[in-house]
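Here is a short briefing for a first look at this structure. Keep the sequence and the model side by side as you read.

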Amino acid sequence: MKNIFLLTFSILLFNCNGNAQKHNQQDFKVVKTEKQWQAELNDMEYKVLRQAYTERPHSSPLDKNFKKGTYVCRACEAPLFKSNNKFNAGCGWPSFDQEIKGSITYQTDFKLGYARLEEICANCGSHLGHVFNDGPKETTGKRHCINGVALKFIPEKK
């Protein structure tokens, strides 16, 4: 029994996704120190974008925003999603069926004890949310579940 515990503990210890396994910040076009990010972002933005926290569901006004425009990264303003790809998933976070091509990079996240596909801004390395396979079947079947605090909405000009 003791050996099984030690084996299980060892596997978990060496397979967990730690910060050292995250993308190297030098891989991104926008590179800043954590002190710079803290100075530019409010507390919740910093926690979500730079520390991969999740905001409370139904707390973002962007969840129910269906105006035409573009959703950009709150940290670097890189375009991420178009409004015509937004849908009401009822999950409490802004949801999209697809991203703007090349705007997002992905990594596997095991923080809840199982694999999820984490979405990261390809421009600055900020955490955005996760993608799931329970989106609209008539389009991509994907649900990009994004923290509203990670986004800024730029309305379409008339």
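Contact here means heavy atoms within 4.5 Å. The model is a predicted one.

**Helix H3**
- H3 spans residues 43–51, and its buried residues are Glu-45, Tyr-46, Val-48, Leu-49 and Arg-50.
- These buried residues pack against helix H2 (34–40) and strand E7 (127–132).
- At the start of H3, a side-chain oxygen of Asn-42 comes within 3.1 Å of the backbone nitrogen of Met-44.
- Ala-52 follows H3 and has a positive phi, near 60°.

**Nonpolar core**
- The largest nonpolar core has 24 residues. Leu-80, Phe-81, Cys-121, Cys-124, Leu-128 and Leu-151 have the most contacts inside it.
- H3 and strands E1 (69–73), E2 (79–82) and E9 (151–155) each supply at least two residues of this core.
- H3 gives the largest share, three residues.
- Beyond its neighbours within four places in sequence, Cys-121 is in contact with several residues, including Phe-28, Cys-73, Cys-76 and Leu-128.

**Aromatic rings**
- The whole structure holds three aromatic pairs.
- Tyr-71 and Phe-96 pair edge-to-face, 5.0 Å centre to centre, with 70° between the planes.
- Tyr-71 is in strand E1 and Phe-96 in strand E4, 25 residues apart. Both Tyr-71 and Phe-96 are buried.
- Phe-81 and Phe-96 are stacked, at 4.1 Å centre to centre and 15° between the planes.
- Phe-81 lies in E2 and Phe-96 in E4, so this pair ties together parts 15 residues apart in sequence.
- Ring pairs join Tyr-71, Phe-81, Phe-96 and Phe-153 into a cluster.

**Charges over rings**
- Lys-32 lies over the face of Trp-37, 4.8 Å from the ring centre.
- The charged end of Lys-86 sits over the ring of Phe-66, 4.1 Å from its centre.

Technical notes. Residues are numbered from 1 along each chain as its sequence is written. This is a predicted model: local features need pLDDT of at least 70, side-chain atom pairs count only at pLDDT 80 or more; totals for chains, interfaces and linings use all residues. Side-chain values use heavy atoms; hydrogens and water are left out. Buried means under 20% relative accessible area, exposed over 50%, partly exposed in between (1.4 Å probe, protein chains only). Helices (H or I, at least four residues) and strands (E, at least two) are DSSP runs, numbered from the N terminus. A polar contact is a pair of N or O atoms within 3.5 Å; within protein, one must be able to donate a hydrogen and the other to accept it, and residues adjacent in sequence count only if both atoms are side-chain atoms. A nonpolar core is a set of buried Ala, Val, Leu, Ile, Met, Phe, Trp, Tyr and Cys residues joined through side-chain atoms within 4.5 Å. Rings of Phe, Tyr and Trp (its six-membered ring) pair if their centres lie within 6.5 Å; planes under 30 degrees apart count as stacked, over 60 as edge-to-face and the rest as tilted. A charge sits over a ring if NZ of Lys or CZ of Arg is within 6 Å of the ring centre and within 35 degrees of the ring normal.
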